[in-house]
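Let's take a walk through this protein together. Keep the sequence and the 3D view side by side, and follow along as we go.

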Amino acid sequence: MPLERVKKFLSQFPDLEIILFDQSTHTAELAAQALGVLPAQIAKTLVFLADTAPLLVVTCGDKKINTKKLAKILSCKKVRFADEQTVVDATGFFPGGVSPIGLLTDVPVYLDQSLWDFSIVYAAAGTANSALPVSPDCLCEITKAKIIDVC
């Protein structure tokens with residue numbers, strides 16, 4: 001189960017706790033409403049294909065990824081959004097609940113620098129009704145992510 005995989009990963013970080021909601025938080029707007037924060041504080045995790053290789057980009061919930069900029073950073077020909085099956089196969093999570101931690105496969109993770117506009121951001125924790133409050137520095141450390149500017 002996706003939530004249990006995230007919880008297992010987080011067992012090595014006792015200061016981090018998942019928040020569960022009775023309602024869906026599968027969009028940045030819904031998550032922000034449930035948490036009482038700005039949509040920008042939601043760390044949305046998007047799965048892309050760089051040529052044919054999956055990767056994750058985590059950015060603020062109110063931002064759009066510039067795929068041409070991302071392709072240039074990655075030195076690849078084309079970057080496009082992954083389809084639902086690719087998301088599930090690569091991460092073990094369904095869209096709307098993709099967590100940057102507890103991934104099913106070893107997928108590269110990139111954090112957009114916009115996350116550092118906030119001391120705490122809220123990432124999905126494997127389901128469409130969960131959130132993980134975390135500092136961008138901590139998220140970067142535990143995901144072993146690279147910081148990029150793609151918005």
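Is Lys-144 buried or exposed? With a relative accessible area of 71%, Lys-144 is exposed. You will find Lys-144 in the loop between α5 (136-143) and β8. Have a look at its backbone too: phi is near 55°, a positive value in a residue other than glycine. Please keep in mind throughout that this is a predicted model.

Ser-75 is not a glycine, yet its phi is positive, at about 55°. The relative accessible area of Ser-75 is 68%, so this serine counts as exposed.

Now step back and take in the whole chain. The protein chain contains five helices and eight strands. Read from the N terminus on, these elements follow the order α-β-α-β-β-α-β-α-β-β-β-α-β. Along the principal axes, the C-alpha atoms fill a box of roughly 40 × 30 × 25 Å. The radius of gyration is 14 Å, which agrees with the value near 15 Å that a compact globule of 151 residues would have. Of those 151 residues, 49% are buried. The accessible surface comes to about 7800 Å², and carbon and sulfur atoms account for 53% of that surface.

Strand β3 is mostly covered, since six of its eight residues are buried. One of its partners is β2 (residues 42-50), which pairs with β3 in the antiparallel sense over eight bridges. Within this pairing, Ala-43 has Cys-60 in β3 as its bridge partner. The two strands form a hairpin with two residues between them, and Asp-51 in the turn has a positive phi of about 60°. Strand β3 is also joined to β5 (residues 109-112), this time in parallel, by three bridges. To find that pairing in the model, look for Leu-56, which stands opposite Val-109 in β5. As you trace these strands, remember that side chains in a regular strand alternate between the two faces of the sheet.

Loops can be covered as well, and Thr-25 shows this. Thr-25 lies in the loop between β1 (19-20) and α2 (28-35), and its relative accessibility is 7%, so Thr-25 counts as buried. What is Thr-25 in contact with, leaving aside its neighbours within four places in sequence? The contacts of Thr-25 are Leu-30, Ala-31, Ala-34, Gly-96, Ala-128, Asn-129 and Ser-130.

Let's finish with a charged pair. The count of salt bridges comes to one: Lys-69 pairs with Asp-149, and their closest N and O atoms are 3.5 Å apart. Because Lys-69 lies in helix α3 (residues 67-74) and Asp-149 in the segment after β8 (146-148), the pair ties together parts that are 80 residues apart in sequence.

Key:
Residues numbered from 1 in each chain as written. Predicted model: local features only at pLDDT ≥ 70, side-chain atom pairs only at ≥ 80, totals over all residues. Heavy atoms only, no water. Salt bridge = Lys/Arg side-chain N within 4 Å of Asp/Glu carboxyl O. Helix = DSSP H or I, 4+ residues; strand = E, 2+ residues; numbered from the N terminus. Buried < 20%, exposed > 50% of the residue type's maximum accessible area, 1.4 Å probe, protein only. Contact = heavy atoms within 4.5 Å. Pairing = 2+ DSSP bridges. Rg over C-alpha atoms; globule rule 2.2 N^0.38 Å. Areas by Shrake-Rupley, 256 points an atom, 1.4 Å probe, with all protein chains shown as cover.
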